[in-house]
Amino acid sequence: MTLLDYSKKIAQIAQLQLKAVENTLNLIAQGATIPFIARYRKEMTGGLDEVKLTQIRDLYNQLLELDKRRKTILETIESQGQLSKELEEKILLAESLSELEDLYLPYKPKRKTRASIAIAKGLEPLAKKILSQERIDIELFAEEFIDSEKEVENIEQALSGARDIIAEWVNEDAIIRDRIRNYYKRNSLIASKLIKNKEEEAKKYENYFDWSEMALKSPSHRVLAMFRGENEGFLRLKFLPEDEETPIELIKKQYIKANNSCSEQLSLAIKDSYKRLLSPSMENEIKSILKEKADEEAIKIFAENLRQLLMSSPLGEKRVLALDPGFRTGCKLVCLDENGKLLFDDVIYPHSSLREENQSITILEQLVQEYNIQAIAIGNGTAGRETEYVVKKCRFKNNPIITLVNESGASVYSASQGAREEFGEYDLTVRGAVSIGRRLMDPLAELVKIDPKSIGVGQYQHDVNQTKLEKSLEETVISCVNQVGVDLNTASKELLTYVSGMGAVLAKNIIDYRNENGGFASREELKRVKRFGEKAFEQSAGFLKIRNAKNPLDSSSVHPESYEIVYKMAKSLNTTVEELIKDKTKREKININDFVTPSCGLPTLKDIIKELEKPGRDIRTEFEVFEFNKDINSINDVKEGMIVNGIVTNITAFGAFVDIGAHQDGLVHISQITNKFIKDPNEYLKLNQKIRAKVIGVDLAKNRISLSMKEAKNE
């Protein structure tokens, strides 16, 4: 197939314009990234967003894999000398992997089977005679195949061997397999049973000790829970339709055309084929489809949660004092400048005694004044609320922002290679506190240093396909980094790695160049970086910003390839680019239709004007201070009927977990989010969203808090 053929197929599947699909595939083939195409090649794609562009790329890769398998199958069957024109045409027209594999099954090299043994005994003619359903005495005919040398001692052994051959033929019938597969997809149940004598060990799976529901309608969280129970040896799962007679009848309807001794034997062979071969095969397929579907849903939830977390509101360039709280070991304290540089570190013990608490308050007050601290970030883990309580006792002269920060993954970062390279002389606790402070200033810049799976925003993350999960999370990080853009002169190596057209090698080379030359004065200077060629410049330059650059466009998201257009706009008004940016009235005089060229259309020109209005703007929302209920510090303080403030910490298929300051997240079940019916909590909630909820249940024994958002609205 040509690229055009693939484009037509994808356009049909995805219901997109053919030209947009073809241009997208051409751009990808030329080395363009999804973020680059989405932002800087809108004319070529009709303004397709990253989701559609990714769909095009993934469909193309799937079609390539399908054709690769098609080629292998054709070559294998041809090498056997069994490739007829009719079979070749069917294989070439097959549109799914299952259809291809069904056609290949009769020719697939097999281990010894009951059918192959029977064929070796010379029973194939008897099988064909039964299949013909002629009106003959089949037992009399079977006598001819009795041969003690071939271990066919009697009529029943001959007929049994013939039925084994027929059973395999039925199992390998592509039409039958397709019909039974469709029946299984529509009617299969996922049934879960407790393995005998496992009651005590398997208590966390008690909901699934005797459970069944329609397989392909089962939500991902339940499917993955049952799969985990099976993997841990507590549950036994089956994937079968309630009625197993119907599929047998479907096969009989296709095969049985008479009512005689041959058809009786054929009926027995069909039943055996279904029970022994077809049913287990279909059960495995349904299990695989169900697992893949559950994985996709769970990965989608994880990726969306990660996106929301990475795109959280940044505090910005503020001087921060960060605390990594602890009871016995004390609270690690660091002071950071506007760029996140470590200025000071210490340990205070505010929870060991009243004397230590007072001493800690004095230290905090002095440090806030000495380092002109503008915000205090407190890790939200162990002793987080208690530390916040002490900090709020302080009498600060400059009234800094005081806020809890999600510290998930801070310990992972502190032990990482990147942390060791930056803070080799400091211990893990200092590194962890620095991470807490920096993620308040810029969550995206700090969280990219941590393995996304360690941030704690997923659902059954260890149970899903790890390759697909890692790919999805990496693409989410890439998308977020390029949507926001990065400061070329302050970005870490980890952050630069995710920029379009970059990678670990070029990111390191940029850091080396900065260390040797003291930073970049212009985007053009990127071309002096080792191994930074024209393609890398094209793909990355628009996402790399230089604060306070001599050329104001270098601080914006306008791509260098469009600078000349902006210069022409300024010249047409007899002004400068600087004045064009400052003066709204001048920008309003620009008629963008005058600047349309074959390579730069209205979508790009509209983006340029929008960027000139506020060059280098941060697309993330502004930071807001949040406070928990002052009377809640632990689950023991939580009472039914309370109205509480909370922050959404994780979103799953069945609801959202909310931090209410009790050291135990509460659950807002999907049915308690809003009065209207919703299929996905993400329709209504975002990670880090501030909400109010009513406590509708507290289970101290199980450490569970149940919340309702819809009831809180009625209070």
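Is R228 buried, partly exposed or exposed, and what is its relative accessibility? In this predicted model, local features need pLDDT of at least 70 and side-chain atom pairs count only at pLDDT 80 or more, while totals for chains, interfaces and linings use all residues. Residues are numbered from 1 along each chain as its sequence is written, and side-chain values use heavy atoms, with hydrogens and water left out.

R228 counts as partly exposed, at 25% relative accessibility, where buried means under 20% relative accessible area, exposed over 50% and partly exposed in between (1.4 Å probe, protein chains only). R228 forms a salt bridge with D463, and the closest N and O atoms are 2.5 Å apart; a salt bridge is a side-chain nitrogen of Lys or Arg within 4 Å of a carboxyl oxygen of Asp or Glu. This pair links distant parts of the chain, 235 residues apart, with R228 in helix α13 (residues 220–231) and D463 in the loop between α21 (443–447) and α22 (466–484). Helices (H or I, at least four residues) and strands (E, at least two) are DSSP runs, numbered from the N terminus. D463, at 18% relative accessibility, counts as buried. By the rule for salt bridges, the count comes to 52.

A salt bridge within one helix is formed by the side chains of D272 and R276 (2.8 Å, N to O), which are separated by about one helical turn because they lie 4 residues apart in helix α15 (residues 261–310). D272 is partly exposed at 23% relative accessibility, and R276 is partly exposed with a relative accessible area of 27%.

A further salt bridge joins E534 to K527, with the closest N and O atoms 3.8 Å apart. E534 counts as exposed at 56% relative accessibility, whereas K527 is partly exposed, with a relative accessible area of 33%. Salt bridges that share partners also join R385, E388, K392, E627 and K630 into one network.

The loop between α24 (504–517) and α25 (534–540) holds R531, a residue other than glycine whose phi is positive, near 70 degrees. R531 is exposed, at 64% relative accessibility. K530 lies in the loop between α24 and α25 and counts as exposed at 60% relative accessibility. Leaving aside neighbours within four places in sequence, K530 is in contact (heavy atoms within 4.5 Å) with L506 and N509. The C-alpha atoms of K530 and V505 are separated by 9.6 Å, although these residues are 25 residues apart along the chain.
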